[in-house]
Amino acid sequence: MYNANIDYDRLLQMLIPTFLRKRKIKAFLSVLIFPIKILKREFLQFKQATIYKITHNGQVVYLQKVLNDHFDRQQRRIYITDGVFYDPTYVYTHQEDKPVYIGTQYLYTSEELALIDVDFLIVVPKDFNLTDDMLTRFHALVKYYKLVSKTYRIIKKQ
């Protein structure tokens with residue numbers, strides 16, 4: 001079984017024979033094991049990041065948590081809602097010989113039409129300033145966790 005809590009300085013002290021336990025020899029051996037300490041620290045950070053990635057997925061709750069962990073750690077104001085879907089009205093051509101009556105029609109603004117057929121909306125607060133770099137990382141995180149077939153849009157609200 002692997003034990004990640006190895007104290008390399010103590011291990012070095014225990015493995016040196018008693019008659020060689022001099023200050024210079026200990027310092028020399030400490031310099032030699034320093035890269036191993038750095039590699040261990042980097043490995044443990046990589047392990048922690050990998051466990052975080054595999055324990056989160058594209059489910060709404062987990063995606064919200066990931067976005068809030070990365071971009072709004074304190075107030076956690078980012079949330080996800082369902083997309084907007086309108087039933088399309090088909091207007092028949094003369095060749096199809098169908099009724100001309102269309103029924104009640106609703107007019108939509110361009111903002112409403114921009115949200116049509118989006119699977120989910122990511123809502124961020126109005127005062128949330130995303131720089132270009134942050135926006136790129138935001139999109140990369142969402143693309144990493146969401147399902148390939150799902151589409152999304154980021155909107156700002158209070």
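Biologist: How many salt bridges does the count come to?
Modeller: Bear in mind that this is a predicted model. I call a salt bridge when a side-chain nitrogen of Lys or Arg sits within 4 Å of a carboxyl oxygen of Asp or Glu. By that rule, the count of salt bridges comes to five.

Biologist: Okay, Asp-9 and Lys-37 meet in a salt bridge. How many residues apart in sequence are the parts this pair ties together?
Modeller: Their side chains meet with N to O at 2.7 Å. Asp-9 belongs to helix H1 (residues 8-15) and Lys-37 to helix H2 (residues 23-54), so the parts they tie together are apart in sequence by 28 residues.

Biologist: Is Asp-69 buried or exposed?
Modeller: Buried means under 20% relative accessible area. Asp-69 has a relative accessible area of 14%, so the label is buried.

Biologist: And what separates Asp-69 from Lys-65 in helix H3?
Modeller: These two form a salt bridge, with the closest N and O atoms 2.9 Å apart. Lys-65 counts as partly exposed, at 34% relative accessibility. Because the two residues are four apart in helix H3 (residues 60-71), what separates Asp-69 and Lys-65 is about one helical turn.

Biologist: Which residues do salt bridges with shared partners join into one network?
Modeller: Asp-69 has a salt bridge with Lys-65, and the side chains of Asp-69 and Arg-76 also meet in one, at 2.9 Å from N to O. Arg-76 is partly exposed, with a relative accessible area of 36%. Through shared partners, the salt bridges make one network of Lys-65, Asp-69 and Arg-76.

Notes. Residues are numbered from 1 along each chain as its sequence is written. This is a predicted model: local features need pLDDT of at least 70, side-chain atom pairs count only at pLDDT 80 or more; totals for chains, interfaces and linings use all residues. Side-chain values use heavy atoms; hydrogens and water are left out. Buried means under 20% relative accessible area, exposed over 50%, partly exposed in between (1.4 Å probe, protein chains only).
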